[in-house]
Amino acid sequence: MPETKLIEELRARLARLESATRPRGRTNMVGAARYIGKSEETLRKMHKRGEGPPRNRIAKRFWSYSYDDLDAWLASERGDA
(Lines give C-alpha, C1' and ligand atoms only; values in the text may rest on other atoms or scores of the structure.)
Protein backbone atom coordinates (compact mmCIF):
# COMPACT_ATOMS: atom_id res chain seq x y z
CA MET A 1 0.00 0.00 0.00
CA PRO A 2 1.37 3.43 -0.87
CA GLU A 3 -0.04 4.97 2.33
CA THR A 4 1.97 2.61 4.52
CA LYS A 5 5.16 3.41 2.63
CA LEU A 6 4.49 7.15 2.94
CA ILE A 7 3.88 6.86 6.70
CA GLU A 8 7.10 4.90 7.19
CA GLU A 9 9.02 7.44 5.14
CA LEU A 10 7.59 10.29 7.23
CA ARG A 11 8.48 8.47 10.47
CA ALA A 12 12.05 7.97 9.27
CA ARG A 13 12.31 11.64 8.31
CA LEU A 14 10.92 12.71 11.68
CA ALA A 15 13.44 10.49 13.51
CA ARG A 16 16.30 12.08 11.55
CA LEU A 17 15.05 15.58 12.38
CA GLU A 18 14.63 14.75 16.07
CA SER A 19 18.14 13.33 16.32
CA ALA A 20 19.58 16.37 14.54
CA THR A 21 17.93 18.83 16.93
CA ARG A 22 18.59 16.87 20.14
CA PRO A 23 21.38 18.33 22.30
CA ARG A 24 24.56 16.30 22.63
CA GLY A 25 27.18 16.02 25.30
CA ARG A 26 26.42 16.31 28.99
CA THR A 27 24.22 18.33 31.30
CA ASN A 28 23.72 18.90 35.01
CA MET A 29 20.78 17.81 37.17
CA VAL A 30 18.70 20.88 36.28
CA GLY A 31 19.11 20.23 32.56
CA ALA A 32 18.53 16.49 32.94
CA ALA A 33 15.31 17.02 34.90
CA ARG A 34 14.04 19.47 32.32
CA TYR A 35 15.04 17.15 29.46
CA ILE A 36 13.14 14.15 30.85
CA GLY A 37 10.16 16.24 31.96
CA LYS A 38 10.54 15.78 35.72
CA SER A 39 11.33 18.16 38.56
CA GLU A 40 14.75 18.21 40.20
CA GLU A 41 13.20 16.95 43.42
CA THR A 42 11.60 14.00 41.61
CA LEU A 43 14.93 13.17 39.99
CA ARG A 44 16.66 13.27 43.39
CA LYS A 45 14.03 10.97 44.90
CA MET A 46 14.33 8.56 41.99
CA HIS A 47 18.10 8.31 42.49
CA LYS A 48 17.64 7.84 46.22
CA ARG A 49 15.47 4.78 45.42
CA GLY A 50 18.09 3.52 42.92
CA GLU A 51 15.98 4.49 39.92
CA GLY A 52 16.29 7.07 37.18
CA PRO A 53 18.80 7.69 34.41
CA PRO A 54 22.50 6.91 34.91
CA ARG A 55 24.65 9.76 36.21
CA ASN A 56 28.31 10.48 36.96
CA ARG A 57 29.63 12.36 39.96
CA ILE A 58 31.74 15.34 38.93
CA ALA A 59 32.22 16.85 42.39
CA LYS A 60 31.14 16.11 45.93
CA ARG A 61 27.65 17.55 45.35
CA PHE A 62 27.35 17.71 41.57
CA TRP A 63 26.25 15.17 38.98
CA SER A 64 26.61 14.97 35.23
CA TYR A 65 24.19 13.29 32.83
CA SER A 66 24.89 12.17 29.26
CA TYR A 67 22.16 13.04 26.76
CA ASP A 68 22.68 9.61 25.19
CA ASP A 69 21.98 7.98 28.58
CA LEU A 70 18.93 10.21 29.07
CA ASP A 71 17.60 9.23 25.62
CA ALA A 72 18.14 5.53 26.37
CA TRP A 73 16.44 5.86 29.75
CA LEU A 74 13.45 7.66 28.21
CA ALA A 75 13.14 4.95 25.56
CA SER A 76 13.19 2.24 28.22
CA GLU A 77 10.51 4.07 30.21
CA ARG A 78 8.32 4.24 27.10
CA GLY A 79 9.00 0.58 26.38
CA ASP A 80 10.85 1.30 23.12
CA ALA A 81 13.95 -0.63 24.14
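**Burial and ring contacts**

Colleague: Does Y67 count as buried or exposed?
Modeller: This is a predicted model, with residues numbered from 1 along each chain as its sequence is written, and local features need pLDDT of at least 70, side-chain atom pairs 80 or more, while totals for chains, interfaces and linings use all residues. Side-chain values use heavy atoms, leaving out hydrogens and water. Buried means under 20% relative accessible area, exposed over 50%, partly exposed in between (1.4 Å probe, protein chains only). Y67 has 12% relative accessibility, so the residue counts as buried.

Colleague: How many aromatic pairs does the structure hold?
Modeller: Rings of Phe, Tyr and Trp (its six-membered ring) pair if their centres lie within 6.5 Å; planes under 30 degrees apart are stacked, over 60 edge-to-face, the rest tilted. By that rule, the number of aromatic pairs in the structure is one.

Colleague: What kind of pair do Y35 and Y67 form?
Modeller: The ring centres of Y35 and Y67 are 5.0 Å apart. Their planes stand at 75 degrees, so the pair is edge-to-face.

Colleague: Which helices does the pair link?
Modeller: Y35 and Y67 are 32 residues apart, so the pair links distant parts of the chain. Helices (H or I, at least four residues) and strands (E, at least two) are DSSP runs numbered from the N terminus. Y35 belongs to residues 29-36 and Y67 to residues 67-78, that is, helix α2 and helix α4.

Colleague: Is Y35 buried or partly exposed?
Modeller: The relative accessible area of Y35 is 24%. Y35 is therefore partly exposed.

Colleague: Which ring has the charged end of R55 over it?
Modeller: A charge sits over a ring if NZ of Lys or CZ of Arg is within 6 Å of the centre and within 35 degrees of the ring normal. The charged end of R55 is 3.6 Å from the centre of such a ring, and that ring belongs to W63.

**Places along the chain**

Colleague: In which strand is S66, and is S66 buried or exposed?
Modeller: S66 is in a strand of residues 63-66, namely β3. With a relative accessible area of 10%, S66 is buried.

Colleague: How far is A32 from P53 in space?
Modeller: A32 is in helix α2. The relative accessible area of A32 is 0%, so A32 is buried. A32 and P53 are 21 residues apart in sequence, and their C-alpha atoms are separated by 8.9 Å.

Colleague: And what separates the C-alpha atoms of A33 and P53?
Modeller: A33 is also found in helix α2. A33 is buried, at 2% relative accessible area. Along the chain A33 and P53 are 20 residues apart; their C-alpha atoms are separated by 10.0 Å.

Colleague: How far apart in space are E41 and L17?
Modeller: E41 is in helix α3. At 42% relative accessibility, E41 counts as partly exposed. E41 and L17 are 24 residues apart in sequence. C-alpha to C-alpha, they are apart by 31 Å.
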